[in-house]
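Colleague: I'm new to this one and would like to learn how to read it. Could you walk me through it?

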Amino acid sequence: MALAIGSAYDYYLKTYGSQQTSRYDSHRKEDLRDTVNKIKILNKESPLYKVRMSGDVQKYAIDIKESARNIKNIVAAFSESEQGIGAAFQKKIAASSNPDAATAVYIGDSSSLTTNDGFELEIMQLASPQTNVGNFLKRDEYDFLPGSYSFDLNMNANSYEFQYNINVGDTNGDVLFKLARLVNNAHIGLKADILNGSQDMASLRLESKQTGLSPQESSLFKIIPENTHESKQAMQILGIDVVAAMAENSSFLLNGTKHSSYSNTFTINNTFSVTLNNTTPKNEPVTIGFKPGSEALTDDVQSLVDSFNSMIQIADEHSDMPSSNEKLLKDMGNVAKTFSSSFSPFGLSVSEKGIISVDREKLTESVLSEDADQTIGVLNRFKDAIGHKADEASLDPMNYVKKILVAYKNPNSTKNFVCPYISSVYSGMMVDRIC
């Protein structure tokens, strides 16, 4: 059993562990109480069943749960206003004329700006980190004598001592790998990696995560070997105390006025968070402004459709696998097909399996037409429908996997009790093993 749980956690962490949490993942007490009550109602009449143990079952259930969570978060974001999706007309969404050079996110108060507010950005130089590159050494040779060595790594606010041992039989490649791991595991704002050269040569490179340099700083970090003959000699062989590239600040023109920044990401008037990605040709600035309301609405519809399609694709991928009972594909596909005729006039089409395609141009025309209220009304009803289905899938993802029925609850009994086992099947991956 431990192995099965371990593999489920391993799959979850590898696939979804790096995803950022949304503010809609946090809930009030009333929301949690409502969820508990729904679970009680759901499993009070549920029959007793067993699920065949397999990694395929666990993977499918996790995919369903996470896809449902994504849909619910998007639906929650679009449901904050009484207008639902139509509120996108009032949203302020930053847009860049050249995203390869600079991108921006609007972080200000929508009520404080007019839609004409924006600026031009000409980027002359990006902020860069400090880089030290050591000497290139033959990987399989033995340039270091066995022993204990150390060096100090001095940064502007802190100083660190690194101690390392070189054992008998350690090659140059072993030493470089050992030092790279030592620096990376210290988590002090430096990144170490090994550069490959020609003829099996290798070098250790150290790079600061911080960029830019203040006038009071001469460097972001310095490496000084311990004051012993052995450590100094080892450092001469390594050469990582030599700066290959100094940190530099970004340089750019903001509406024609020169500015600089220590980082490539900065805020402007507490209104925009700007990220510089590349330099621009002279006199060809990037224009940062706002997306039109119609484009913002189209983006919202696209994100809602993409989240829905993701659930359909998960169901379709598992439809011919032993883990699936095809209920998810039927349920989600039926939702799309129910709206198919309503979607058609404004550019949304539904495939046989339920995948929705968006004609952005036609949708934009529709939301700018006299029938915009009707279009937005259909989209809001679709939003609510898939939100309801996602809520069902989130409460009991095991409802969509094949199960072996053991016993029904007595339909004539008025004393059917909540079965805690039902709600723990997913949360603990408490799946019965059936031989």
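Colleague: Which residues does E207 touch, not counting residues up to four places away in sequence?

Modeller: Keep in mind that this is a predicted model. Contact here means heavy atoms within 4.5 Å. By that reading, E207 touches P129, Q130 and T131, and also G189, L190 and K191.

Colleague: Where does E207 sit, and how far is it from P129 in space?

Modeller: E207 belongs to strand β10, which covers residues 201–211. In sequence, 78 residues separate E207 from P129, yet their C-alpha atoms lie 6.5 Å apart.

Colleague: What share of the contacts in the chain join residues at least 24 apart?

Modeller: Taking contacts between residues at least 6 apart in sequence, 73% join residues at least 24 apart.

Colleague: Now the strands, please. What is the order in the open sheet of five strands?

Modeller: Read across the sheet, the order is β2-β17-β4-β13-β14, and the pairing is antiparallel. The edge strands are β2 (94–96) and β14 (257–261), each pairing on one side only. From one strand to the next, the twist averages 30°.

Colleague: How many bridges join β4 to β17?

Modeller: Three bridges link β4 (residues 119–125) with β17 (residues 286–290), and the two strands run antiparallel. Within this pair, look for F119, which stands opposite I288 in β17.

Colleague: And what does the whole chain come to?

Modeller: Its secondary structure amounts to 10 helices and 20 strands. Of its 435 residues, 40% count as buried. The chain exposes about 23,800 Å², with carbon and sulfur atoms supplying 50% of that area.

Technical notes:
Residues numbered from 1 in each chain as written. Predicted model: local features only at pLDDT ≥ 70, side-chain atom pairs only at ≥ 80, totals over all residues. Heavy atoms only, no water. Pairing = 2+ DSSP bridges. Helix = DSSP H or I, 4+ residues; strand = E, 2+ residues; numbered from the N terminus. Axes fitted to C-alpha atoms, helices over the stretch in contact; angles between N-to-C directions. Buried < 20%, exposed > 50% of the residue type's maximum accessible area, 1.4 Å probe, protein only. Areas by Shrake-Rupley, 256 points an atom, 1.4 Å probe, with all protein chains shown as cover.
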